[in-house]
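Subject: Handing over the structure, with notes on what was found

Dear colleague,

I am passing on the structure we spoke about, and I would be glad if you kept it open beside this message while you read. The notes that follow take up the disulfides and then one of the pockets.

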Amino acid sequence: MTSTHHTRVRRRRLGVAAAAAGLLATLLAAGPANATPDPGDTQRSPGARTSTGASTGTPGQDEIVHSRNIKHLANIPSTNPDGIETDIAFQGKYAYAGSYDGFTIYDIGNPRAPKTVTQVRCPGGQNDISVSGDLLFLSTDSSRSDDSCNSVSQPATEKSSWEGIKIFDIKDKKNPKYIKSVETACGSHTHTLVPGGRDIYVYVSSYSPRDEFPDCKPPHDGISVIKVPKKAPTQASVVGFPVLFPDGGNPGAPTNPGVSKTTGCHDITVLPSKNLAAGACMGDGILFDISEPEQPKVIDRVQDNVNFAFWHSATFNERANKVVFTDELGGGVGATCNEATGPNRGADGIYDITGRGDQRKLAFRSYFKIPRHQADTENCVAHNGSLIPVGGGRDIMVQAWYQGGLSVWDFTDSAKPKEIAFFERGPLDPAALSLGGSWSAYYYNGHIYSNDIAKGLDVLRIDDWRTDSARGVWLDRLNVQSQPDYR
């Protein structure tokens, strides 16, 4: 998730305002901007004060505003003012939050008063995170000098550079132990756990190969599959690289101006109970069968060369007859939730799944974008979210929109989605575009948890008749990209 990903040499002090300004210039000059996937190793403005209250129009700097049916219960501030907080996973009474510096374990047994259990320093963007039993998995998608937690940045042109998956033993929550690394082609931007009997499979998404990268050469038209024996996790290894795009996928520009060329996948969501997965793969959205996890089989594939710049993530509904794909226009550093960008770009695309078995198809129905215009100094675009398991045939999810905050929205009618709740802060910096806002917003056991790039962990509660039924659904774990069968 980095705006400099296609150089694969991360520079920690790239000014985000300058990068975003370039993106906006492209956006205005040539329609959909060339996608630069995810914000990444960019310096953000630290912001100033925190205040609460009601507001009209654009909220004031750091001012909190929200709909009446959302209540902000708690915040644990980020301990690194220059860091970038990222994804979240859950298990029991714990939340595991990644950051570009490592990860933090929180005790959320009392959601109104969450506590920090421990922080593990292990730099390596973006540290996408998931947990299974006593194992924690981290994605490293920045070229490092080695696989240790003391590594430093190193050009990907050097053969000795390392990127991939790190595995920790988290049986002792106060003292996690790093036990294994697995190097993967082009690193690991994100990963997805596919649970099995004796083994856990890890689907590793990565992209942007170049001829000069020894460990990331084109074509890179698939995903790495890691097999992790549950009883011997230190024997984890890559067991395959299934090709998902034998024709090379979306060619991108100049054939499709403003659209990313498909050179791998950004994110995959699996639905193990249905042996189904949905992949957001740069210029393509795919539906595939994972009944044989080492050999996933593509069922259908779609493109949107008008309004989607970069296929970023995917979410199934509870009945598995819909998929929500997100477009990360501008790579997460652009101000794309404004009137100039419009309602159909940098949005979600809602697709119905029609047919059965290998004849299933993805059928586009509509777009959804938050209806609240954001300031031109706020990075804002569709990002990570999860279902709120309301059941009863209704489809509702919560989703992060960077400095657009988080949105709770109903897509029961695929053609007419609507927002039903929101929470956001005003701009980090009213004078200049800066990097901040909610990276991930997920519903877990009665509450919404949001990891804010700049502000840290937020805990919220929604009180609404349309979501009240979800309180009866209790999970012992949640890795959002390994979507559970809620009922």
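A residue is called buried when its relative accessible area is under 20%. Please keep in mind throughout that this is a predicted model.

With that cut-off in hand, we can begin with Cys-337 and Cys-380, both of which are buried. These two cysteines are joined by a disulfide, with a distance of 2.1 Å from S to S. The torsion about their S-S bond is about -75 degrees, and the disulfide is therefore left-handed. The bond links distant parts of the chain, since Cys-337 sits in the loop between strand S23 (322-327) and strand S24 (348-354), while Cys-380 sits in the loop between strand S25 (361-368) and strand S26 (385-387), 43 residues apart.

A disulfide, in general, is a covalent bond between the sulfur atoms of two cysteines. How many disulfides does the count come to here? The count comes to four, and if the bonded cysteines of the chain are numbered in sequence order, the pairing reads 1-2, 3-4, 5-6, 7-8.

Another of these disulfides is formed by Cys-186 and Cys-216, whose sulfur atoms are 1.9 Å apart. Here the torsion about the S-S bond is about 95 degrees, so the disulfide is right-handed. Because Cys-186 lies in the loop between strand S13 (177-183) and strand S14 (190-195), and Cys-216 in the loop between strand S15 (199-205) and strand S16 (224-229), the pair ties together parts that are 30 residues apart in sequence. Both Cys-186 and Cys-216 are buried.

Cys-265 and Cys-281 also form a disulfide, with their sulfur atoms 2.1 Å apart, and with 80 degrees about the S-S bond this link is right-handed. Cys-265 belongs to the loop between strand S17 (237-240) and strand S18 (267-271), whereas Cys-281 belongs to strand S19 (residues 276-281), and the two are 16 residues apart. Cys-265 and Cys-281 are buried as well.

Which residues lie nearest its centre? Of the 16 residues that line this pocket, they are Pro-195, Arg-477, Asn-479, Ser-482 and Pro-484. Strand S10 (126-132), S14 and strand S33 (477-478) each contribute at least two residues to the lining, which by class holds eight nonpolar, four polar and four charged residues.

Definitions and conventions
Residues numbered from 1 in each chain as written. Predicted model: local features only at pLDDT ≥ 70, side-chain atom pairs only at ≥ 80, totals over all residues. Heavy atoms only, no water. Disulfide = S-S within 2.5 Å. Helix = DSSP H or I, 4+ residues; strand = E, 2+ residues; numbered from the N terminus. Buried < 20%, exposed > 50% of the residue type's maximum accessible area, 1.4 Å probe, protein only. 1 Å grid on protein atoms, 1.4 Å probe; cavity = no way out; pocket = protein on both sides within 12 Å on 5 of 7 lines; lining within 4 Å. Nonpolar A, V, L, I, M, F, W, Y, C, P; charged D, E, K, R; others polar.
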